[in-house]
Amino acid sequence: CTCCSESFIRSDHPIVADILLDKISLDYSETLMAAAGEQAEAAKHDTMKKYHGEYILCVEGSIPLGDDGNYCCIAGKTALEQFKEAAEGAKAIIAWGSCASNGCVQAAHPNPTEATPIHKIVKNKPIIRVPGCPPIGEVMAGVIVHVVAFGRLPELDRMNRPKAFYAKRVHDSCYRRAYYDAGLFAENFDYENAKKGYCLYKVGCKGPMTYNSCGTIKWNNGVSYPIQSGHGCFGCSEDNFWDNGPIYERLTNLPGFGIEATADNVGKAVAGALAVGIGAHVVASAISKRKQVSRRINRGRENEERL
Ligand code: SF4
């Protein structure tokens, strides 16, 4: 869908014009290059030949393996052939976006085209996975600049994602986190307090199990990100995210995230008596943030009364 390229060209730090004009030579990109057709193919082949073993290959999109790969053909070759050919001479490979990193929507069940992330196809090269639908432009730019500036890959986590951008959960930097800790949850998207900053966990936010920098770097030069715009996190940078459960329902059996038993209790407790029935994690958080939380709870009560 080209959304990864669209995101990349919106990077402001570093600004993408500096990267393209000063830092790298962008020799082939179906979306961003001026050439098309045979000219574009010629540029690609010249680059792969001249810089064999030296170029960085950024792959956008998953590779369909079904029906001999015929679901995606470029210049008379399947995407699988194109990818293997380009990967052979690459110094490093970057899987740009969730399609290349984990298959994304094309690989969602029942995956009729057998869409496959690239690390399952080429296994003898370092592959940096930069998931997200799309990834944040500054993250994409930052990974490229790191490889170019230092001549080596950035430090990666166990899923080969750059730690600099994927070490923390969206939940950890969320500005609604104080409401989560206080047990103040939006019950639906029409809920007035959703606009005031109430936590979106009950309407499906996957921030507690999603590793990404959305809450800190944000989008469009730091203007906003989905949770700030009133929509819960999709979990788009996690493996199999389209098959990880319903988008608008909270998940009940999350490994390592055992708050479900308290989420409902917390909601009831806040609506009734604050001191009764609050789960242990809420109590612990409320102690350290008592003043801040009580101010917000009072504001929430006022809002509920107004409603
Ligand atoms: S559950 Fe979602 S909205 Fe609530 S604090 Fe965590 S990331 Fe933010």
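## Report on a predicted single-chain model

The chain has 13 helices and seven strands, these being DSSP runs numbered from the N terminus, with helices (H or I) of at least four residues and strands (E) of at least two. This is a predicted model, in which local features need pLDDT of at least 70 and side-chain atom pairs count only at pLDDT 80 or more, while totals for chains, interfaces and linings use all residues. Residues are numbered from 1 along each chain as its sequence is written, and side-chain values use heavy atoms, with hydrogens and water left out.

Of the 307 residues, 46% count as buried, that is, under 20% relative accessible area with a 1.4 Å probe and protein chains only. Among contacts (heavy atoms within 4.5 Å) with a separation of 6 or more, 71% join residues 24 or more positions apart.

| Bond | Omega |
|---|---|
| H13 to P14 | about 0° |
| C133 to P134 | near -5° |

P14 is found in the loop between α1 (3-8) and α2 (16-23), whereas P134 belongs to the loop between β7 (127-130) and α6 (137-150).

Positive phi values also occur in residues other than glycine: T2, in the segment before α1, has phi near 70°, and A75, in the loop between β3 (73-74) and β4 (77-78), has phi of about 50°. T2 is partly exposed at 33% relative accessibility, the class between 20% and 50%, whereas A75 is exposed at 54%, the class over 50%.
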